[in-house]
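Thanks, everyone. Let me put the model up, and then we will walk through it.

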Amino acid sequence: MKQLITVDEFIIRKQQDLPYATGELSGLLRDLCLACKIISREVNKAGLADIIGLAGVENASGETVQKLDVLADEILQACLQNSGECCGIASEEQESFVAFDNCKSAKYVVAFDPLDGSSNIDVNVSIGTIFAIYRRNSIDGPCTLEDFLQDGAEQVAAGYVLYGSSTMLVYTTGQGVNGFTLDPSIGEFCLSHPDIKIPESKNYSVNQSRYKTFPEGVRRFIDTCVEEDMRFRYTGSMVADVHRTLIKGGIFMYPSSPSSTSGKLRLLYECNPMAFVIEQAGGAATNGQERILELETKELHQRTPIYIGSKGLVGRLTKKMELLPNF
């Protein structure tokens, strides 16, 4: 019988490999896992409980909020506040960051998208939680805005949890990428995808219905994808599309457009953590001109275009964009 390695055991083993590790980050990762197990439970019974549909409010970005968005946000905040290892959080669903009065001396802050792809909730398409962990810059006391406004390259850990045909955790601490599948019979995430490496392949993922609004370089690249008979896949859930790209290879694109010149996806909550994961798996992530992880973070809800996936395809796309202006 194959030996099961739980995420707790895996985290402890990795901690033991680092002589300077003190355990706070390991504890924080375990608390994130607990929050995502609870969210997974709620997602799986969404059709039976009164938690499907609109919450009747908008989030900090002016987008319609689903009931499960609110619930996931509350679960994550509660688990992280109780952890003792996190001094504050920033959520896509909240206008400003939240400092935890009970954890002023904690070393880390966490930014997260509690439920990415929530427009797909009502039709039972895969959704997910995305998170990024940063070491705070401030010294003691309540955390500050500057603790969150760090470049993506400063992340100490990042990952996502996909709620689909199975619930899967994928994360990195800068030493490769590993995936864990939730075994509901024992309530534990178990190592199922060790040392993930993104392959090169001919898959592309983009909202092709908006083709006419894309920068010319992106349109030229998509034309090439069609000419080369590449496989087109798109669900409208970033976490699901990027997960498929990580496992199967290819490229995920969310370009800018005349109505969203800065792009639509959030740098802090979505693009930075996904870029960290993909790069650690051997891939690449860019906004078309610069590496995502080197973009200056100026505000909590900052947006950016993103092109992420296998190095070969991201490189080809970038060359197309270098030859032509965006608009």
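What percentage of the 327 residues in the protein do buried residues make up? The answer is 53%. Buried here means under 20% relative accessible area, exposed means over 50%, and partly exposed is in between, with a 1.4 Å probe and protein chains only.

Some ground rules. This is a predicted model, where local features need pLDDT of at least 70, side-chain atom pairs count only at pLDDT 80 or more, and totals for chains, interfaces and linings use all residues. Residues are numbered from 1 along each chain as its sequence is written, and side-chain values use heavy atoms, with hydrogens and water left out.

Now the overall picture. The protein has seven helices and 17 strands. These are DSSP runs, numbered from the N terminus: helices are H or I with at least four residues, strands are E with at least two. Along the principal axes, the C-alpha trace spans about 55 × 50 × 45 Å. Of the contacts with a separation of 6 or more, 64% are between residues 24 or more positions apart. A contact means heavy atoms within 4.5 Å.

Next, helix α6, residues 267–280. Twelve of its 14 residues are buried, so the helix is largely enclosed by the rest of the structure. Among the buried ones are Leu 267, Tyr 269, Glu 270, Asn 272 and Phe 276. After α6 comes Gly 282, with a positive phi near 95°.

On to the aromatics. There are four aromatic pairs in the structure. Rings of Phe, Tyr and Trp (its six-membered ring) pair if their centres lie within 6.5 Å; planes under 30 degrees apart count as stacked, over 60 as edge-to-face, and the rest as tilted.

Take Phe 97 and Phe 148. Their ring centres are 5.4 Å apart and their planes sit at 35°, so the pair is tilted. The pair links distant parts of the chain, 51 residues apart. Phe 97 is in the loop between β3 and β4, and Phe 148 is in the loop between β6 and β7. Phe 97 is partly exposed, at 23% relative accessibility. Phe 148 is buried, at 0%.

Then Tyr 204 and Phe 232. Here the centres are 5.3 Å apart and the planes at 45°, so this pair is tilted. Tyr 204 lies in strand β11 and Phe 232 in strand β12, 28 residues apart. Tyr 204 is buried, at 4% relative accessible area. Phe 232 is partly exposed, at 36%.

Last item: Phe 10, Tyr 171 and Phe 180 form one aromatic cluster.
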